[in-house]
Amino acid sequence: TAGCLIPCYLRRGSPPSRHVSRLIGGVAASAARRGQYVDSIDAAARALRDGTLVAFPTETVFGLGAHAFDDAAIANVFAFKGRPPTDPLIVHVPDLAQAEPLVSLSPRGRALMRQLAAAFWPGPLTLVAPADASIPDAVTSATGWVGVRCPAHERALSLLRAVGVPLVAPSANRFGHVSPTRAEHVMADLGEHPILVLRASACCDVGIESTVAKIDEAAGALVVLRRGGVPEAELSRWLAQHASEFALRVQAPNRAEAAPAAATIAPGMLLTHYAPDLPSFLLRLPPARPASPTSERSSVAAAAPSLADAVLIDFGARAHSLASTARAYRDLSPCGDASAAAAALFEALRWAETAHEGAQCVLLPDVAAPDGAVANRDCLPALADRLLRAASGRSLVMLEGGALAHTDCPRPRSETVD
């Protein structure tokens, strides 16, 4: 079987690794159980082989890396992040050759995986397929499915090659919090734990997580489980040209507020995710002819915050006229570029939750149906997804006169992209 290609010393049940307590490549490891920065790829690789967790940069966000076949290291990923066991981990590899033994596909499904990898790897696309029996249940949340990807960042690829084993690597942050796009973000969230953080001069240019797509052989479909760095419109065009026997489907976001009782087959699917520590809401601006205040107020469930107490994040200068009223203001992309806005989003969310004394909430742009021109429009659905989850599905509407009122977001529906 494919599992026989994985050396026996990597399999589940190997002796638990010990955390290093010596100097690693000139960097003091966690004698005081505190995180440390590291610059050496070799030092980071040795630490990973010894069972230490190492956060590393990618083109999307920083990942919290662990040996994918070390049970103790995997357990620490969940413990350090506060991650529920129902949320599986993506396995990172340097190339397709290391990915193929991790999955169990028919020749038809494997051919699709190879074609997708040739087209989109290295890059922000995670492919979910039936897991090989060698994959630990903790990685898959015992679902029988595993997500695999090859990141497009030279430091990440160098580390993966140097360590010589697949690495699980969820975002290197507290579970549910804003994903980290700088090494300092990792330390702010996880620095109390004995981890290493591999630094890089430039990273995270995509700025949001990978697209997660399931190869569903039975349905003849590629199912987008989480929107991300590869737009579904691009996948749809690629399938039409290269694998027309597979349709593209997009699964609706999970509306659960907390970890579900049943495991999911992909991470990042909960409604509350990527969220600042301040309460956050999508802000719906009034249309050209505002709705009646009476009709809007009928949806009010509780007292809404004031704009003067809010950090306002904008897109395309749509709310620029409110900047002087808000506690603080930042535009993700004044020119309305969806790709640039996605790249700037997580940095802006961390800025919003920390930089402004007295702020009570964060107001986020509702870009699901934007007015006017949008550059890189294919990236808009992933941006809208992250904003929806950062706001936990909650929204405020601005009434005539500038008051804010609570309202409900419409529930997203699953889609088929033609």
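A residue counts as partly exposed when its relative accessible area falls between the buried class, under 20%, and the exposed class, over 50%. Ala 317 has a relative accessibility of 35%, and therefore counts as partly exposed. The model in which these values were computed is a predicted one. Ala 317 sits in the loop that runs between strand 15 (310-314) and strand 16 (328-331). Its phi is positive, near 60 degrees, although the residue is not a glycine. In general, most residues other than glycine have a negative phi, and most peptide bonds are trans.

Ala 142 has a relative accessible area of 58%, so it is classed as exposed. The peptide bond between Trp 121 and Pro 122 is cis, with omega at about -10 degrees. Pro 122 belongs to the loop between helix 4 (107-120) and strand 7 (125-130).

Ala 355 is another loop residue, placed between helix 10 (338-354) and strand 17 (361-365). With 43% relative accessibility, Ala 355 is partly exposed, because that value lies between the 20% and 50% limits. From Ala 355 to Ala 328, the distance between C-alpha atoms is 8.9 Å, and the two are 27 residues apart along the chain.

The chain as a whole comes next. The protein chain contains eleven helices and 20 strands. It has 418 residues, of which 56% count as buried. Of the contacts between residues at least 6 apart in sequence, 71% join residues at least 24 apart.

Two helices can be followed residue by residue. Helix 1 covers residues 41-49, and its buried residues are Ile 41, Ala 43, Ala 44, Ala 45, Ala 47 and Leu 48. At the N-terminal end, helix 1 is capped by Ser 40, which has a side-chain oxygen 3.3 Å from the backbone nitrogen of Asp 42. Gly 51 follows helix 1 and has a positive phi, near 100 degrees.

Helix 11 (residues 380-390) is mostly covered, with nine of its eleven residues buried. The buried set includes the charged residues Asp 385, Arg 386 and Arg 389. Leu 380, Ala 382, Leu 383, Leu 387, Leu 388 and Ala 390 are buried in helix 11 as well. What do the buried residues of helix 11 pack against? Their partners are strand 12 (221-226), strand 14 (280-284), helix 10 and strand 17. Just after helix 11 comes Ser 392, where phi is positive at about 55 degrees.

Rolling a probe the size of a water molecule over the atoms shows where empty space remains. The structure has four cavities of 30 Å³ or more. The largest cavity holds about 260 Å³ of space. Its lining is made up of 29 residues, and those closest to its centre are Ala 169, Pro 170, Ser 171, Glu 209 and Arg 226. Sorted by class, the lining comprises ten nonpolar, twelve polar and seven charged residues.

Terms used: Residues are numbered from 1 along each chain as its sequence is written. This is a predicted model: local features need pLDDT of at least 70, side-chain atom pairs count only at pLDDT 80 or more; totals for chains, interfaces and linings use all residues. Side-chain values use heavy atoms; hydrogens and water are left out. On a 1 Å grid over the protein atoms alone, a cavity is a set of points where a 1.4 Å probe fits but cannot get out, and a pocket is an open set with protein on both sides within 12 Å along at least five of seven lines; lining residues have an atom within 4 Å of a point. Grid points are joined across faces, edges and corners, and a volume is the space filled by probe spheres set on the points. Helices (H or I, at least four residues) and strands (E, at least two) are DSSP runs, numbered from the N terminus. Buried means under 20% relative accessible area, exposed over 50%, partly exposed in between (1.4 Å probe, protein chains only). Contact means heavy atoms within 4.5 Å. A polar contact is a pair of N or O atoms within 3.5 Å; within protein, one must be able to donate a hydrogen and the other to accept it, and residues adjacent in sequence count only if both atoms are side-chain atoms.
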